[in-house]
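Hi everyone, thanks for making time.

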Amino acid sequence: MKIYKGDRTIDGIVVTVDDQPLDDGTAVKSLSDDGFEWGFEGAASAQLALAILFDHLGDAGRALRLHEPFMREIVANFANEWEITSADIDEAVADLEDA
């Protein structure tokens, strides 16, 4: 099971998957010139949502289809420091696809 983590540090934003930097997902689609963000709806939060979903699902089309609702329902609600597991993502994706 993968563990995704984000933190706002004195050196800036850090987002990891299994303690390694999370790829920004721009190979799928570039949504933000400002990198990742969270805690609100916007381009940088959408980029994080896309990056998490693409890393987790391994399916660019599905990640693109789901990144906006995932951003609104999950990423926009992250606190300054957060953690989400692959099981949490599976549950959120199932809920979003059923909606």
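Let's start at lysine 5, whose bridge partner is threonine 16 in strand 2. That is part of an antiparallel pairing in which six bridges join strand 1, residues 3-9, to strand 2. Helices (H or I, at least four residues) and strands (E, at least two) are DSSP runs here, numbered from the N terminus, and two strands pair if DSSP finds at least two bridges between them. Strands 1 and 2 make a hairpin, with two residues between them.

A word on where this comes from: it is a predicted model, so local features need pLDDT of at least 70 and side-chain atom pairs count only at pLDDT 80 or more, while totals for chains, interfaces and linings use all residues. Residues are numbered from 1 along each chain as its sequence is written, and side-chain values use heavy atoms, with hydrogens and water left out.

Moving along, strand 2 also pairs with strand 3, antiparallel, over two bridges. There, valine 17 stands opposite glutamine 20 of strand 3. This hairpin has two residues between the strands, and aspartate 18 takes a positive phi near 50°.

At 6% relative accessibility, tryptophan 82 is buried, meaning under 20% relative accessible area with a 1.4 Å probe, protein chains only.

How many aromatic pairs are there? The count is two, where rings of Phe, Tyr and Trp (its six-membered ring) pair if their centres lie within 6.5 Å, and planes under 30 degrees apart count as stacked, over 60 as edge-to-face and the rest as tilted. Tryptophan 38 and tryptophan 82 are edge-to-face, 5.6 Å centre to centre with 85° between the planes. Tryptophan 38 sits in the loop between strand 3 (20-21) and helix 1, and tryptophan 82 in strand 4, so this pair ties together parts 44 residues apart in sequence. Phenylalanine 78 and tryptophan 82 are stacked, at 4.1 Å and 10°. Phenylalanine 78 is buried too, with a relative accessible area of 12%. Together, Trp38, Phe78 and Trp82 form one aromatic cluster.

That's the tour; happy to take questions!

Definitions and conventions
Buried means under 20% relative accessible area, exposed over 50%, partly exposed in between (1.4 Å probe, protein chains only).
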